[in-house]
Amino acid sequence: RRFDIRTVNLDLLIGRDVDLLADLMRLPLRDESVESIICTGVLEHVTDPHCAVREMFRVLRPGGRLFVEVPFMQTRHSSPSDFSRWTPGGVRMLLRDFRIEELQVAAGPASALAWMFQETMALLFSFRTPFLYKIGLRFFGTIAIPISWLDCFLENHPLAYQGACGYAVTAVKALGPGTGGRR
């Protein structure tokens, strides 16, 4: 989606509001040429997320900001593939070259429960039939929506990270040596 008129949207596939077709692991951008990066719902679909993060680090200017959302307790969702999930420690390791300013729950435990409920019930009532499974995903997905609303009470719970659906991270590329920042 278009966040701002000054945003350049990059994707691997042609789509609405896509400005640049490119692979996140080989960005066609100059070193330190980007002021900020927003990466939501992407890294779990990349075969080598560490490579993708290195590329984001490379193109981000010193002092530049990174916003990333990653999944934790989510079912598999191919688009076209799905490879990874992260704990808070895993996110910190993935973004170890950045200075993490904030790591918070993006979608709480109730959203994770709703997603698992939808998937489990669709499987149970599919009777091993792909067609019924697809119908079940839609039907039980609708029923699961009120479950996710419980996150209004849970997202700010001090232990919500234990079973969060996903995390949001705000990080900064530290300034280089001799400029007062960390690397």
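Predicted model: local features only at pLDDT ≥ 70, side-chain atom pairs only at ≥ 80, totals over all residues.

Sorted the lining of the largest pocket by class: 22 nonpolar, 9 polar and 8 charged residues.

Next I looked up the pocket itself. The largest pocket holds about 1400 Å³ of space and is lined by 39 residues. Nearest its centre I find Asn-9, Leu-10, Asp-11, Ile-38 and Val-42.

Which element gives the most to this lining? I get E3, with 7 residues. Strand E1 (10–11), strand E3 (34–40) and helix H1 (49–59) each supply at least two lining residues.

On to the charged pairs. I count 7 salt bridges in the structure. One of them joins the side chains of Asp-31 and Arg-58, at 2.7 Å from N to O. Asp-31 sits in the loop between strand E2 (20–21) and E3, and Arg-58 is in helix H1, so this pair ties together parts 27 residues apart in sequence. Asp-31 is exposed at 53% relative accessible area, while Arg-58 is partly exposed at 23%.

Arg-58 also meets Glu-55 in a salt bridge, 2.8 Å from N to O. Those two are 3 residues apart in H1, which means about one helical turn between them. Glu-55 counts as buried, at 13%. Through shared partners, salt bridges join Asp-31, Glu-55 and Arg-58 into one network.

Last entry: Lys-173 and Glu-32 pair at 3.6 Å, N to O. Lys-173 lies in the segment after strand E6 (166–172) and Glu-32 in the loop between E2 and E3, 141 residues apart. Is Lys-173 buried or exposed? Buried, at 3% relative accessibility; Glu-32 is partly exposed at 38%.

Methods: Residues numbered from 1 in each chain as written. Heavy atoms only, no water. 1 Å grid on protein atoms, 1.4 Å probe; cavity = no way out; pocket = protein on both sides within 12 Å on 5 of 7 lines; lining within 4 Å. Points joined across faces, edges and corners; volume = space filled by probe spheres on them. Helix = DSSP H or I, 4+ residues; strand = E, 2+ residues; numbered from the N terminus. Nonpolar A, V, L, I, M, F, W, Y, C, P; charged D, E, K, R; others polar. Salt bridge = Lys/Arg side-chain N within 4 Å of Asp/Glu carboxyl O. Buried < 20%, exposed > 50% of the residue type's maximum accessible area, 1.4 Å probe, protein only.
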